[in-house]
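This report goes through one structure, element by element. The sequence and coordinates are shown first, and the notes follow.

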Amino acid sequence: MGKAAVFLDRDGVINENRPDYVKTWGEFVFLPGVMESLRRLAQSDLLIVVITNQSAIGRGLVSLEEAKAINHCMVEEIEWAGGRVDGVFMCPHRPDEGCDCRKPRPGLLRQAAEKLDVDLKRSFLVGDALSDVEAARAAGCQPILVLTGRGREQLTQQTQGCPVVPDLAAAVEHILRCQVQAAAPGPLSPGACPGQQPGAHTGRAASEASRPAMRAGDASLADTRR
Ligand SMILES: [Mg+2]
Ligand SMILES: [Zn+2]
């Protein structure tokens, strides 16, 4: 059986999203709290894999070499801070090229899964866009939408049922809670974790520590209290 992974979208999750694309390392700005979150995640046995659409390459705004160099610098900084990245997979194509790897298609996730022996069904994808949520669903892994980057504007009907959290730190919190859950099933909202059957856990009331992520479509996204 393959390993469980956390797939991370890059722009809007790890670093600030730029409407005009990240074209140089100078334009790459880590979001607050990301290093600490990645350090925390690195202590788990989950694979950590960056999955990113970089159509700026296909658009001729940045070369493939430069885009790879930016990813390399990102990984180095994360490692310096005590984090870990087990792989970076990038789609360089423009939307009109109709490739298989550009999210919302699941090609890049499948490539990564094959190369790194990942069990998609036990894996997560953290993204700030509907295309991330759709790619995760198409590949059979659990999407988590963050509200950093483009996240807030991407909340639509199609993101309903997908856990929604403020940022990567909260996503990591959710993921690690699911890992505990997988080891010892207990109270957590149905369907919030990979492989969990809706309605499977209906026993005790959720404790403070196992409060589920809020979901798109909840009455109030700003209020996580019950
Ligand atoms: Mg993004
Ligand atoms: Zn592609």
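## Helix H3

In this predicted model, the buried residues of H3 are Ala-67, Ile-70, Asn-71, Met-74 and Ile-78. They lie on the same side of H3, because they cover an arc of only 95 degrees around the axis. A residue is called buried if 20 or more other C-beta atoms lie within 10 Å of its own, exposed if 12 or fewer, and partly exposed in between, with C-beta atoms placed from the backbone. The arc is taken from the directions from the helix axis to the C-beta atoms. Helices (H or I, at least four residues) and strands (E, at least two) are DSSP runs, numbered from the N terminus.

The buried residues of H3 pack against helix H1 (34-42), helix H2 (55-58) and strand E3 (87-91); a contact here means that two C-beta atoms, placed from the backbone, lie within 7 Å. On the face turned away from the buried side, H3 carries the exposed residues Glu-65, His-72, Cys-73, Glu-76 and Trp-80. The end C-alpha atoms of H3 (residues 64-80) are 24 Å apart, which agrees with the 24 Å that its 17 residues should span at 1.5 Å a residue. That expected span is 1.5 Å times one less than the number of residues. After H3 comes Gly-82, with a positive phi near 90 degrees.

## Conventions

Residues are numbered from 1 along each chain as its sequence is written, while chains are lettered from A and ligands numbered from 1 in the order in which they are written. Because the model is predicted, local features need pLDDT of at least 70 and side-chain atom pairs count only at pLDDT 80 or more, while totals for chains, interfaces and linings use all residues.

Strand E5 (residues 142-146) is largely enclosed by the rest of the structure, because five of its five residues are buried. Gln-142, Ile-144 and Val-146 are buried on one side of E5, and Pro-143 and Leu-145 are buried on the other. In a regular strand the side chains alternate between the two faces of the sheet.

E5 runs parallel to strand E4 (residues 124-127), and four bridges join the two; strands count as paired if DSSP finds at least two bridges between them. Pro-143 in E5 is the bridge partner of Leu-125. E5 also pairs with strand E6 (residues 163-165), in the parallel sense, over two bridges. There, Val-165 of E6 is the bridge partner of Val-146.

E4, helix H5 (residues 130-139) and E5 make a right-handed β-α-β unit. Right-handed means that, with the strands pointing away from the viewer, the path from the first strand over the helix to the second runs clockwise.

## Backbone exceptions

Most residues other than glycine have a negative phi, and most peptide bonds are trans. Tyr-21 has a positive phi, near 70 degrees, and sits in the loop between strand E1 (5-8) and H1. Tyr-21 is partly exposed, because 17 other C-beta atoms lie within 10 Å. Asp-117 also has a positive phi, of about 55 degrees, and is located in the loop between H4 and E4. With 12 other C-beta atoms within 10 Å, Asp-117 is exposed.

The peptide bond from Lys-103 to Pro-104 is cis, with omega near 20 degrees. Pro-104 belongs to the loop between E3 and helix H4 (107-116). Leaving aside neighbours within four places in sequence, Ser-131 is in contact with Lys-103 and Pro-104. Ser-131 itself is in helix H5 and is partly exposed, with 18 other C-beta atoms within 10 Å.

## Core and overall layout

The largest nonpolar core has 58 residues, and those with the most contacts inside it are Val-6, Phe-7, Ile-51, Leu-109, Val-126, Leu-168 and Ala-171. Helix H6 (residues 168-183) gives the largest share of this core, seven residues. A nonpolar core is a set of buried Ala, Val, Leu, Ile, Met, Phe, Trp, Tyr and Cys residues joined through C-beta atoms within 7 Å.

The chain has six helices and seven strands, in the order β-α-β-α-α-β-α-β-α-β-β-α-β along the sequence. Of its 226 residues, 41% are buried. Among contacts with a separation of 6 or more, 61% are between residues 24 or more positions apart.
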